Amino acid sequence: MILILGFAFVLMAIGFWGLLTRRNMIKMVISLSIVDTGLEIGMISIGYIKGRTAPILDSAVGIAQAVHKVVDPVPQALVLTAIVIGVAVNALMLAFVINLYQKKKSLDISDYRDMKW
Amino acid sequence: MIKRAFAFVVVALLLVIFFKMLMLWQPHTDLSGVAREYVAKEPNQLGAVNVVTAIVVTYRGLDTLGEVSVLFLAATGVALLLRRREKKEKGMKRRPASEFLNTGTNLLIPFIVMFGAYIFLNGHLSPGGGFQGGAVVASGILLSLLVFPRFSLNHALMNWLESLAGASYVVVGILGLVLAAGFLDNRFLPLGQYGALLSAGAIPIIYTFIGLKVGTELSGILENLKEE
Amino acid sequence: MNEVLIILLGVGMVVAAIAAIYFKNLVAAAVAGGIVSLFASVVYLVLAAPDVAMTEAAIGAGLSTAIFLYAIKKTREQEVEND
């Protein structure tokens, strides 16, 4: 439906704004995870068909007429993968932030300019 | 100031692109393409009640193998970055939790782990599966990490469990290649009766290995982040 | 009924996301990120995706928030505790 797709796009824009304007490294990681969440909501809402039910073919839905009764299952499979990878990447980014903090005791990204090669 | 204006221009451009995408999009009214094939052919070919499980484990099985590898890589990276250089033996400055919390956690943790195992064993019959079950088991271990100040996982056991689960997943895939039609094909075990617990060929076995691997990996990440 | 639910949840998510990037206290920002995941999980249920809702609730609203809180704890100035 169009309504939730609009909300997903607004969430992604808020996440990008937070990523570009915040200086605290942990805030940047939180903003990136909000972008991920917005994108996943967008993907699921594209696969939704009005008036249909979840893609589980038990006795309530029936096998023969299932093609006319379930929503699209392919975006759901992709989003399942995306959520788990999102949390793995968040954990790795936070491990980097902790490691950087132990070197210089500061969470501000503009204190790390001299680490360029 | 310039940085703020630049960020504003970028986000405004992004919003314009999103708005155009929103205006040009029509909601679907029927399944089409690959999704139609999957929903129409899946009960007879693979025998799983949950179509999303069948897609994740067999039709798109290589993507799941890649995802398990990415998770493994992230867990290894976290363990590598946060390892302690020297053994700092600070005294335990954490008070033990209250009696209520101790008893409640002792009662709840077996049920949480059992519930997680139930979720990944029933992945092909109802909403659920390896990732959800593994996450529930990891949250049970998070509870015990938070409540008991001296709780620590047995690192050797966790490493063995994780590696064995990952290797068994690939071995089951190769068995599918040798005994049935392709890599990660689940038809080398009999399909059984539609809707029973031991049906859908090798899908419960694959999801059990995935659930064990994801559960131990997430617990390892949490424990590495906790150590001080 | 579905439309009303989606509007309420969507507004809640947007407000929580704006709060997550504007709070000064880092713990409050992490909890606001967890609230975004929680509302997203209910939206998935309304959109007929129970598998994804379970995954998002277990991983996004539970473990991800716990990982953020552990990271915040390890990057604060360590006060001396004379407990």
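Chain A has three helices and zero strands; helices here are DSSP runs of H or I with at least four residues, strands are runs of E with at least two, and both are numbered from the N terminus. This is a predicted model, where local features need pLDDT of at least 70, side-chain atom pairs count only at pLDDT 80 or more, and totals for chains, interfaces and linings use all residues. Residues are numbered from 1 along each chain as its sequence is written, while chains are lettered from A and ligands numbered from 1 in the order in which they are written.

## Exercise 1: chain A as a whole

Work out how the radius of gyration of chain A sits against that of a compact globule.

Step 1. For 117 residues, a compact globule would come out near 13 Å, but chain A has 20 Å.

Step 2. Check the box: along the principal axes, the C-alpha atoms of chain A fill roughly 65 × 25 × 20 Å.

Step 3. Look at burial. A residue is buried if 20 or more other C-beta atoms lie within 10 Å of its own, exposed if 12 or fewer, and partly exposed in between, with C-beta atoms placed from the backbone. In chain A, 49% of the 117 residues count as buried.

## Exercise 2: chain B as a whole

Decide whether chain B is spread out or compact by the globule rule.

Step 1. Chain B has eight helices and zero strands, in the order α-α-α-α-α-α-α-α.

Step 2. Its radius of gyration is 23 Å, well over the 17 Å that the rule gives for 228 residues, so chain B is more spread out than a compact globule.

Step 3. The box for the C-alpha atoms of chain B is roughly 65 × 60 × 35 Å along the principal axes, and 38% of the 228 residues are buried.

## Exercise 3: where chain B touches its neighbours

Find which helix of chain B gives the most to the side that touches chain A, then which gives the largest share of the side that touches chain C.

Step 1. Take chain A. Two residues are in contact if their C-beta atoms, placed from the backbone, lie within 7 Å. On that basis, 41 residues of chain B and 37 residues of chain A take part.

Step 2. The elements of chain B that give two or more residues to this side are α1 (2–23), α2 (34–45), α3 and α4 (61–81). The top giver is α4(B), with nine residues.

Step 3. Sort by class: Ala, Val, Leu, Ile, Met, Phe, Trp, Tyr, Cys and Pro count as nonpolar, Asp, Glu, Lys and Arg as charged, and the others, Gly among them, as polar. This side of chain B then has 30 nonpolar, six polar and five charged residues.

Step 4. Now chain C. Here the contact takes 16 residues from chain B and 14 residues from chain C. On the chain B side, α6 (130–147) and α8 (203–226) each supply at least two residues, and α6(B) has the largest share, seven residues.

Step 5. By class, the side of chain B facing this contact with chain C has 10 nonpolar, four polar and two charged residues.

## Exercise 4: helix α3 of chain B

Is α3(B) largely enclosed or open, and which residues of α3(A) does it meet?

Step 1. Nine of the nine residues of α3(B) are buried, so the helix is largely enclosed by the rest of the structure. Val51(B), Thr53(B) and Tyr59(B) are among them.

Step 2. The cover for these buried residues includes α3 of chain A, α2, α4 and α8 of chain B, and α3 (50–74) of chain C.

Step 3. Zoom in on the chain A partner. Val74(A), Gln76(A), Ala77(A) and Leu80(A) in α3(A) meet Val52(B), Ile55(B) and Val56(B) in α3(B). By class, that contact has six nonpolar, one polar and no charged residues.

Definitions and conventions
Rg over C-alpha atoms; globule rule 2.2 N^0.38 Å.
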